[in-house]
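Dear colleague,

Please find below the structure that I am handing over to you.

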Amino acid sequence: MQHGGSSNSAEIFQILADEYARKILLAADRDGPKTAKTLSEECDASLTTIYRRVSTLQEHGLIEERRTVDSDGSHRSEFQTALEELHVDITDGQLSLTMETRDELADNFTALWSGLRGDE
């Protein structure tokens, strides 16, 4: 996913400038998916703050929501960081932002493996 000098790049920079958003991204990357309650505890933030930031992070593809069903049949959402790599380049006075998500890396690996096996 590339974000050249577009407004999307500015939005991503703005999101990453937010301390809670960064804490959520890092917490949701450690030890697998986390519930909002767990993120709230680990990030020392209210549930309202967590849900607000998670929503923004989801809108920009930086975090994913996974729904699970517990043994008692209750549903819950867990969140995991989707962002794997973020690169910022400055060329000819322009900022360029390149993001890679985990899904893209998995797709790239699958395509590479298929190519090596001659499946394509």
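Helices (H or I, at least four residues) and strands (E, at least two) are taken here as DSSP runs, numbered from the N terminus. On that basis the protein has five helices and five strands, and the order of its elements from the N terminus is β-α-α-α-α-β-β-β-β-α.

The model is a predicted one, in which local features need pLDDT of at least 70 and side-chain atom pairs count only at pLDDT 80 or more, whereas totals for chains, interfaces and linings use all residues. Residues are numbered from 1 along each chain as its sequence is written, and side-chain values use heavy atoms, with hydrogens and water left out.

Confidence and overall figures

pLDDT is the predictor's confidence in each residue, from 0 to 100. Its mean over the protein is 83, and 79% of the residues reach 70 or more. Residues 1–7 have a pLDDT below 50, and this stretch makes 15 contacts in the model beyond near neighbours in sequence; a contact means heavy atoms within 4.5 Å. Where pLDDT is low, the predicted coordinates should not be read in detail.

Of the 120 residues, 30% are buried; buried means under 20% relative accessible area, exposed over 50%, and partly exposed in between (1.4 Å probe, protein chains only). The protein exposes about 7,700 Å², of which carbon and sulfur atoms supply 48%; the areas come from the Shrake-Rupley method with a 1.4 Å probe, and for residues only the protein chains shown count as cover. Among contacts between residues at least 6 apart in sequence, 44% join residues at least 24 apart.

The helices and their loops

The axes of α2 (19–27) and α4 (47–59) come within 10 Å and cross at roughly 80 degrees. Axes are lines fitted to C-alpha atoms, for helices over the stretch in contact, and angles run from 0 to 180 degrees between N-to-C directions. Angles under 35 degrees count as roughly parallel, over 145 as roughly antiparallel, 65 to 115 as roughly perpendicular and the rest as oblique; α2 and α4 are therefore roughly perpendicular to each other. In this contact, Y20, A21, I24 and L25 of α2 meet T49, I50, R53, V54 and L57 of α4.

Leaving aside residues up to four places away in sequence, A45 touches Y20, S40 and I50. Its C-alpha atom is 9.7 Å from that of K23, 22 residues away along the chain.

D44 lies in the loop between α3 and α4 as well, but D44 is exposed at 63% relative accessibility. Most residues other than glycine have a negative phi. D44, however, has a positive phi of about 50 degrees. Phi is also positive, near 60 degrees, in D31, a residue of the loop between α2 and α3 (36–43). D31 is exposed, with a relative accessible area of 77%.

Two strands pair if DSSP finds at least two bridges between them. β2 (residues 63–69) and β3 (residues 75–81) run antiparallel and are joined by seven bridges, with V69 opposite H75. Five residues separate the two strands of this hairpin, and G73 in the turn has a positive phi of about 90 degrees.

β4 (residues 83–91) and β5 (residues 94–101) also run antiparallel, joined by eight bridges; D89 has S96 in β5 as its bridge partner. Here two residues lie between the strands, and D92 in the turn has a positive phi of about 50 degrees.

Yours sincerely
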